[in-house]
Amino acid sequence: MGKTDATAGKPLLEARDLRVWFPRSRGFLRGQDWIRAVDGISLGVLAGETLAVVGESGCGKTTLGRALSLLQRPTGGSVAFAEADLTRLRGRKLRAARRRLQMIFQDPYASLDPRQRVGAIVGEPLKIAGVDAKARQRRVAELLELVGLGAEMASRLPREFSGGQRQRIGIARALAAEPRLIICDEPLSALDVSIQAQIVNLLLTLQRQLGLTYLFISHDLAVVRQIATRVAVMYLGTLVELAETSALFAAPRHPYSLALLSSAPTLARRGAAADRPILLAGDPPSPVRLPSGCRFHTRCWLRERLGNPEICTTEAPRLVEEGGHRVACHFAAETSRQADSLMGPAPAAAVG
Amino acid sequence: MSALESTPALRPGGAFGAGLTRLLRAARARPTLTLSLLLLLLVVALAVFAPLLPYDAYRQNILHRNEVPSLKHWLGTDELGRDMVARIAVGARVSLIVAITATLIAVAIGVMVGTLSAYIGGVTDGVLMRFVDSMYAFPDTLFAILMAALIKGQLSSHISGFLAPLAEIYKLSGGLLGVLLTLGLTGWLTTSRLVRSQVLSLKNTEYVLACRLAGASDWFIIRTHLLPNVAPVILLSVTFIVPNAILLEAGLSFMGIGVDPPTPSWGTMIASGTQSIQSYPHLLIVPALAIGSTLLALNVIGDALRDLLDPARRRSGRA
């Protein structure tokens, strides 16, 4: 499962069978059960690419990001970053091994300490690394220029800035550690649309200039389509599909991916699909009491179309190679055919 | 510009300065607060300048016993002919020393326990907080009496052995040591809870996560992000502890397990005042008023500070 294409080389960040289960007490002396926020995810992020992780709220995207950076210690599985097995390291060794892995956070208001000046915020990773004050000041000025803020902003406080500017400060702080990989945890969702575009462009420019690798957690499919090399679709703590961006958007193989894509609003959608999005009934099941078999079977439109085959409720599908995609569905081959009859034929050009 | 007007606290100490500035500004609109601040100032001034008063708090004058207030003795004299103003002033000194020291001890322990408990979490948190809970279960006055009696009993009898230096300090402090230890060791409970809840919410903020990713040690995070942001809560807990400490000291001294005579304390003064309540009521009324008004003033100031530090109220007040 955790293998990546031999041609692409070893991934920069690799997770194998990653699990994050949170204990939840059922009440005094009544034992506990587990919230399976991330449940057996294997993926690799290749150097230089942007791997997007998409999925609806509560599917475990953020927890996955925290587990990959070891901010949340995984319950099981392993994370390797730049050849080092992070899950086996602790304390000082762990801190050293993941220095080149940084994060950009969702809420630009909560991600900056309100009591620190911008210079101190951006310079903090440098200070921790033992850079002396003078060099720090120079580097902070460079970093602020790099993210499109003036060096003179260093003496200001976070609250003097707008959301977009704060996000730039957060990016500058991440860059201060000279990262190879940045985990972007929904960095745009708190911003206005016009500001989102600026931040996306900044991220793309930085990637080109500094050779960065991104793991981009998002639920905004339009942005993902624009910046991602590959896309991983998450549902209830597991990966259901992982494919090249163009392949995924053209012809998703998992019924959930298809539903997700068809629900995304776009201005110009090709074909009849625009008129008839596939709507999933109800909320996702609780990550405490997971459905048997395939986790998606309770809401799966494809299963319904196929006359509710038994295997969906008895056996959990594994993530397997299927026409260039990696899909976890017993009937992946049926997805596009059934979708055609449900929503009208897909445009011929899109099938690759 | 409001940004210039209220410079935020950048260091832990800054919170206290900012709190004081805002308090003084708020006092202009509220006469009770102004009055309370003036009263507190008077008590502090009395305590500081006690030695400069015309009469000595310890000099007895058998010819002028139990005098009612007059121009010569503004608050009269006590049963041994000692000037009441001087005794109230020295009493204020005792009260303030006890309050400040006890608060320092209590805050230090409370901040340490609260921060560790929240930051380490897990079993450590469970054990520490259950300990705090069980300490809470004791009525704190009773606990203070128990501790004070124990300390007094142990230290006043031990002359040799490893407790000897402690007993020496105890004697020098005129019985204050017992009161201080008692108050310091029981006063930290509320502080630790307040600090813990604050640290719990702070330790998972995104800026702390970013700091951890940057390779910071736990101590670096506590020093640069947690403690500065906990400062307002610490200030808040000071407003609870100070009046409580003054009240407990007076109570313990009243019962004879606090400050040793002849050192005057408001508590011991009330105790001796009760013996002549029929014939010389001013001997009781004067120290009682001193305690009552000081506590009232501290409570008013504490309330005002709490309002000022409450972010929700502050925002609505400013908009």
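Predicted model: local features only at pLDDT ≥ 70, side-chain atom pairs only at ≥ 80, totals over all residues.

Q: What span should α6 of chain A have, and how far apart are its ends?
A: Helix α6 of chain A covers residues 193–210, which is 18 residues. At 1.5 Å a residue it should span 26 Å, and its end C-alpha atoms are 26 Å apart, so the two agree.

Q: Nice. Which helix holds Val200(A)?
A: Val200(A) sits in helix α6 of chain A.

Q: Where is Glu186(A), and is it buried or exposed?
A: Glu186(A) is in the loop between β7 (181–185) and α6 of chain A. Glu186(A) is buried, with 20 other C-beta atoms within 10 Å.

Q: What about Leu236(A), what is its phi and where is it?
A: Leu236(A) also is not a glycine, yet its phi is positive, about 50°. It belongs to the loop between β9 (230–235) and β10 (238–244) of chain A. Leu236(A) counts as buried because 24 other C-beta atoms lie within 10 Å.

Q: Let's switch to strands. How do β1 and β4 of chain A run, parallel or antiparallel?
A: Strand β1 (residues 13–25) and strand β4 (residues 76–81) of chain A run antiparallel, joined by 5 bridges. Arg16(A) stands opposite Ser78(A) of β4(A).

Q: How many bridges does β4(A) have with β5 of chain A?
A: There are 2 bridges between β4(A) and strand β5 (residues 84–85) of chain A, and these strands run antiparallel. Ala80(A) has Asp85(A) in β5(A) as its bridge partner.

Q: What's in the turn of that hairpin?
A: The hairpin of β4(A) and β5(A) has 2 residues between the strands, and Ala82(A) takes a positive phi near 45° there.

Q: Over to chain B. At what angle do α4 and α5 of chain B pack?
A: Helix α4 (residues 84–120) and helix α5 (residues 122–137) of chain B pack at an angle of about 145°, with axes 7 Å apart. The crossing of α4(B) past α5(B) is left-handed.

Q: Which residues make that contact?
A: From α4(B) they include Val113(B), Leu116(B) and Ile120(B), and from α5(B) they include Leu128(B) and Met129(B). By class, the contact of α4(B) with α5(B) has 6 nonpolar, 3 polar and 1 charged.

Q: Last one: how many residues does each chain put into the contact between A and B?
A: Chain A gives 23 residues and chain B gives 19 residues. On the side of chain A that touches chain B, α2 (91–97), β6 (101–104) and α3 (118–128) each supply at least two residues. α3(A) gives the most, with 3 residues. That side of chain A has 11 nonpolar, 3 polar and 9 charged residues.

How values were computed:
Residues numbered from 1 in each chain as written. Chains lettered and ligands numbered in written order. Contact = placed C-beta atoms within 7 Å. Helix = DSSP H or I, 4+ residues; strand = E, 2+ residues; numbered from the N terminus. Nonpolar A, V, L, I, M, F, W, Y, C, P; charged D, E, K, R; others polar. Expected span 1.5 Å × (residues − 1). Axes fitted to C-alpha atoms, helices over the stretch in contact; angles between N-to-C directions. Left-handed = near helix turned anticlockwise from the far one by under 90°. Pairing = 2+ DSSP bridges. Buried ≥ 20, exposed ≤ 12 C-beta atoms within 10 Å, placed from the backbone.
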